[in-house]
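Here's a quick tour for anyone opening this one for the first time. Have a look at the sequence and the 3D view, then read on.

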Amino acid sequence: MPFWTIVYALLFYAATALLIGGLAYKIRKYATTPAPLKIPTTPAPVTRQGVVLRMFREVAFFESLFRSNKWIWLFGYLFHFGLFLVLARHLRYFTYPVWTWVELIQPFGKYAAFAMVAGLAGLWARRVLVDRVRYISALSDHLMLALLMAIALTGLSMDYLTHTDIVSLKAFFLGLMYFNWHPLPEDPLLMVHLGLVATLMIIFPVSKLLHAPGVFFSPTRNQVDNPREQRHLAPWAAELEK
Ligand code: HEM
């Protein structure tokens, strides 16, 4: 096998293991962290179904962000919705035969990439131009935006500047998944795109990007507002009452 195929194959195996293992570890930690107090942000649903609906609106429409800041909502939503479509479009590199719905959304993927870039640009401008936000922005906030922007721009360059050999690329990734390796096309833009993606996968479980699974464990969002009907008793408090 060519040298770079071996390097990228090992890199993607390692990145996948770290991403899955890291996420499992963090999610387990979130799930077992006690929430001793009833603290849903009101007005809050008074039933379980209501909480499920609220969580759905939060994840699908970023409802609370919309209430608090329209600009961040606009750029954040553009970025995340674009990302969602782009990732869905990428499924064609990992599936054979390609699912019909993935084929159908292919044309939207390219516009989604522009939405992603516009969203990232807006979110980044906010960290530079708004004094209060600049003051609390850490280096990692900027690096995370830079990483996502670089992934999107190298991806777009492959769409519009120099095309890569998608058939060989797909053979490479299917080969990794079925442990039957095929050579990686050694195209510089693709190699940078993939190197950055692997970096993103590795840092994801130790970064603020964890807000994606984290939102589901947020007590202010996932609790039912029923402290009058049902007494909330944390396990440790129940121990003291014995
Ligand atoms: C192993 C994973 C990935 C592979 C193999 C891959 C491969 C590719 C390829 C070959 C293209 C060019 C498509 C074309 O010419 O039609 C592309 C485009 C793109 N990639 Fe990736 N990519 C991966 C992960 C990601 C991730 C995680 C992101 C975002 C965070 C991303 C963002 C983009 C964007 C925005 C484009 C341009 C729009 C599009 O063609 O969909 N890629 N990618």
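Leaving aside its neighbours within four places in sequence, which residues is Arg-89 in contact with? The list is Val-102, Ile-105, Gln-106, Gly-109, Lys-110 and Asp-159. Keep in mind that this is a predicted model.

**The iron site**
- Two histidines hold on to the iron atom of the ligand: His-90 and His-193 each coordinate it through NE2, at 2.0 to 2.1 Å.
- The iron atom has six donor atoms, and the angles among them run from 86 to 178°, so the site is octahedral.
- For six octahedral donors, the ideal angles are 90 or 180 degrees.
- Are the two histidines buried or exposed? His-193 is buried, because its relative accessible area of 9% is under the 20% cut-off.
- His-90 has 24% relative accessibility, so it counts as partly exposed.

**Around the ligand**
- A side-chain N or O atom of Arg-89 sits 2.7 Å from an oxygen atom of the ligand.
- Arg-92 also has a polar side-chain atom 3.1 Å from a ligand oxygen.
- For His-90, a side-chain N or O atom is 2.8 Å from a nitrogen atom of the ligand.

**More on Arg-89**
- Arg-89 is part of helix 4.
- With a relative accessible area of 9%, Arg-89 is buried.

**Away from the iron: Ile-27**
- Ile-27 lies in helix 1 (residues 3-32).
- At 31% relative accessibility, Ile-27 is partly exposed, because that value is between the 20% and 50% cut-offs.
- Leaving out neighbours within four places in sequence, Ile-27 is in contact with Pro-213 and Phe-217.
- The C-alpha atoms of Ile-27 and Phe-216 are 9.9 Å apart, although 189 residues separate the two along the chain.

Note on methods. Residues numbered from 1 in each chain as written. Predicted model: local features only at pLDDT ≥ 70, side-chain atom pairs only at ≥ 80, totals over all residues. Heavy atoms only, no water. Donors = N, O, S within 2.8 Å, 3.2 Å for Na, K, Ca; no water. Tetrahedral: all angles 85-135°; square planar, octahedral: opposite > 155°, others 65-115°. Buried < 20%, exposed > 50% of the residue type's maximum accessible area, 1.4 Å probe, protein only. Polar contact = N/O pair within 3.5 Å; in protein donor to acceptor, adjacent residues only side chain to side chain. Helix = DSSP H or I, 4+ residues; strand = E, 2+ residues; numbered from the N terminus. Contact = heavy atoms within 4.5 Å.
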